[in-house]
Amino acid sequence: MIKRCYKPIGFGKVKEFWIHHFSDASEEGYGQVSFLRMKNHKGKIHCCFVMGKARVTPKKFVSIPRLELTAATLSVEVSTFIKRELKIDNIKETFWSDSKVVLGYIRNNSKKFKVFVANRIQQIQAGSKVDQWKYVPTKLNPADFASRGLVHTDRKSVV
């Protein structure tokens, strides 16, 4: 692992650490991105990219809500990894999804779900709190790039 510094030079003492995890899925893939937000003693804020993961969807058909749920589960797994590696006390977290279905699954504590959904909800609820999950509109979700990919028009084709 390569060590890196997330705090800019001259930023001063950090009073608050917050990690924001974004997840998304599409027919092409699913993924998540995590950002670290720091606030110093003067109220100045600095945000930086910490980690992202992207995966191609399985060949076998999986519905978009299930893929979104899988992406949310991935965010919780990454959260556990980041907290273990950063070793920062009192770090706050927010998880963001543009899927209202997934947010409904996470908030539901009365309905029984099929095994696929139930297992992922259990993982999400074990690694996060329900009130940490928020809605983000698709256009503002940075994990959209992880799920759909980026097209570079300046590339020349390889012959």
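A: Here is a walk through the sheet and then the helices that go with it.

This is a predicted model, so local features need pLDDT of at least 70, side-chain atom pairs count only at pLDDT 80 or more, and totals for chains, interfaces and linings use all residues. Residues are numbered from 1 along each chain as its sequence is written, and side-chain values use heavy atoms, with hydrogens and water left out.

Start with the sheet: 5 strands form an open one in the order 3-2-1-4-5, with mixed pairing. Strands here are DSSP runs of E, at least two residues, and helices are runs of H or I, at least four, numbered from the N terminus. Two strands pair if DSSP finds at least two bridges between them. Strand 3 (45-56) and strand 5 (133-135) stand at the edges with a single partner strand each, so one side of each has no neighbour in the sheet. From one strand to the next, the twist averages 25°.

Strand 4 (residues 92-97) pairs with strand 5 in the parallel sense over 3 bridges, and W96 has K134 in strand 5 as its bridge partner. Helix 2 (residues 100-107) packs on the sheet too, touching strand 4 and strand 5 (contact means heavy atoms within 4.5 Å), and its direction makes about 150° with that of strand 5. Angles run from 0 to 180 degrees between N-to-C directions, with axes fitted to C-alpha atoms, for helices over the stretch in contact.

Helix 1 lies across strand 1 (14-25), strand 2 (29-40), strand 3, strand 4 and strand 5, running at about 150° to strand 1.
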